[in-house]
Amino acid sequence: QDPFIAFHLDKTLVRKYMSPLLIGELAPDQPSFEPSKNKKLVEDFRELRATVEKMGLLTPNHTFFLLYLCHILLLDVAAWLIIWYFGASTLPFLFSAVLLGTVQAQAGWLQHDFGHLSVFSKSRWNHWVHKFVIGHLKGAPASWWNHLHFQHHAKPNCFRKDPDVNMHPLFFALGKTLSVELGVQKKKFMPYNHQHKYFFIIGPPALVPLYFQWYIFYFAVQRKQWVDLAWMLSFYIRFFLTYLPFLGVKGTLGLHLLVRFIESNWFVWVTQMNHIPMHIDYDKNVDWFSTQLQATCNVHQSFFNDWFSGHLNFQIEHHLFPTMPRHNYWKVAPLVKSLCAKHGIEYQCKPLLTAFADIVHSLKDSGELWLDAYLHK
């Protein structure tokens, strides 16, 4: 019930589509609550959810999102004007690349808002604008993001259920339990005891340019997402038409790859700081609140941190209330902290640079656990 309520705006419409999936109902004498879940915590969270709705924290401020979109478009135009006015020499080229990298990162956070249905009251309006933001401003398919991201939210850091931890075990050994299990099984796809070093090579700089950049086209064609593909192509056509006259083919391709490199570093550090250092394991089927809290942590609030991370420094609140507009996370955070304190659940919040460092430290720790199990167990 809690994930269903968390993800959907129009529950009546969704229930209509789900009715053919009904295979039966519990008999009146059968228990309806699973023993692996904390009943009191579930009740308290549902009370918190009701409070959040009464406080109007799920109601978006459209001006906030309009201004956010405008600042992205202004940066995009500024990047082109710099090349147009100052020419294609090294300094203007690099400055434009930084601005365009910022555009890509910030458009990434904005498409995330629309994808989570947190901007408009109607789901279809969010879906329409989502296609424009992720497709035309970023060159990626909305269907691909939806396919992966909602699995992540339903079961964060649950191996084989959260696609975001699929890098285990092929590239990284993640989480204490899974790393030891790999070592005991004598599996070694990579030298995991060095993963905190090679993360800097195959992680932040490579994910978008070397993997996402190409896989998204495969995804759109394989699944026949032709509308998404058209939106994606509109991004590339616009990008090459605006920069080709000034930079030529090689220069435009170089600019594009540099922008993807900047975006990739930004994206990976921000998205992984909240999850990689947290509990990663098989799904234990615990309650919604516990599932989210053990897999997420926060980063301190500041104007820069909010902007830099697209408010994903409030990852805990975002995971508990995925349709909540991001400008309200700070308002619900004290209530979430109180609920955590009541039930003895750790609510982690740390400085930005500490959160970045914790990614590396956790990779080092799990790599050492793997090596110890690989050699001695």
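# Note on aromatic pairs, helices and cores

1. Phe219 is buried, at 2% relative accessible area. For the cut-offs, buried means under 20%, exposed means over 50%, and partly exposed is whatever falls in between, using a 1.4 Å probe and protein chains only. Tyr215, with 27%, ends up partly exposed. Both residues sit in helix H10 (residues 207-222), four residues apart, or about one turn of the helix. Helices here are DSSP runs of H or I with at least four residues, strands are E runs of at least two, and the numbering starts from the N terminus.

2. Before going further: this is a predicted model, so local features need pLDDT of at least 70 and side-chain atom pairs count only at pLDDT 80 or more, while totals for chains, interfaces and linings use all residues. Residue numbers run from 1 along each chain as its sequence is written, and side-chain values use heavy atoms, with hydrogens and water left out.

3. How many aromatic pairs does a search of the whole structure find? It turns up 39 of them. The rings of Trp80 and Trp84 have centres 6.1 Å apart and planes at 10 degrees, so this pair is stacked. Both tryptophans belong to helix H4 (residues 62-86), again four residues apart and about one turn. For Tyr215 and Phe219, the centres are 6.4 Å apart and the planes at 55 degrees, so that pair is tilted. The rule: rings of Phe, Tyr and Trp (its six-membered ring) pair if their centres lie within 6.5 Å, with planes under 30 degrees apart called stacked, over 60 edge-to-face, and the rest tilted.

4. Tyr215 and Phe219 also belong to an aromatic cluster, together with Trp144, Tyr211, Phe212, Tyr218 and Phe267. As for Trp80, the relative accessibility is 28%, so this tryptophan counts as partly exposed.

5. Two charges over rings are worth a look. Arg326 lies over the face of Tyr68, 4.2 Å from the ring centre, and Lys186 lies over Tyr374, at 5.9 Å. The test is that NZ of Lys or CZ of Arg is within 6 Å of the ring centre and within 35 degrees of the ring normal.

6. Arg326 comes up again with Asp113: a polar contact of 2.6 Å joins their side chains. That term covers a pair of N or O atoms within 3.5 Å; within protein, one must be able to donate a hydrogen and the other to accept it, and residues adjacent in sequence count only if both atoms are side-chain atoms. Asp113 is in helix H5 and, at 3% relative accessibility, is buried. Leaving aside neighbours within four places in sequence, Asp113 is in contact (heavy atoms within 4.5 Å) with Phe65, Ser118, Val119 and Arg326.

7. Is helix H12 (residues 288-295) largely enclosed or open? Seven of its eight residues are buried, so H12 is largely enclosed by the rest of the structure. The cover over those buried residues includes helices H1 (2-7), H3 (39-54), H7 (142-154), H14 (315-320) and H15 (329-343).

8. On to the cores. A nonpolar core is a set of buried Ala, Val, Leu, Ile, Met, Phe, Trp, Tyr and Cys residues joined through side-chain atoms within 4.5 Å. The largest one has 39 residues, and Ile72, Phe199, Met273 and Ile359 are among those with the most contacts inside it. The elements giving two or more residues to this core are H4, H5 (90-115), H8, H9 (195-202), H11 and H16 (352-376). H16 gives the most, with seven residues. Apart from this core lies another, of 22 residues, including Leu57, Met324, Tyr329 and Cys340.

9. Some backbone details to check by eye. The peptide bond from His168 to Pro169 is cis, with omega near 0 degrees; Pro169 is in the loop between H7 and helix H8 (176-184). Phi is positive in two residues other than glycine: near 55 degrees for Asn285 and near 65 degrees for His311. Asn285, in the loop between helix H11 (226-272) and H12, is partly exposed at 26%. His311, in the loop between helix H13 (303-308) and H14, counts as buried at 11%.
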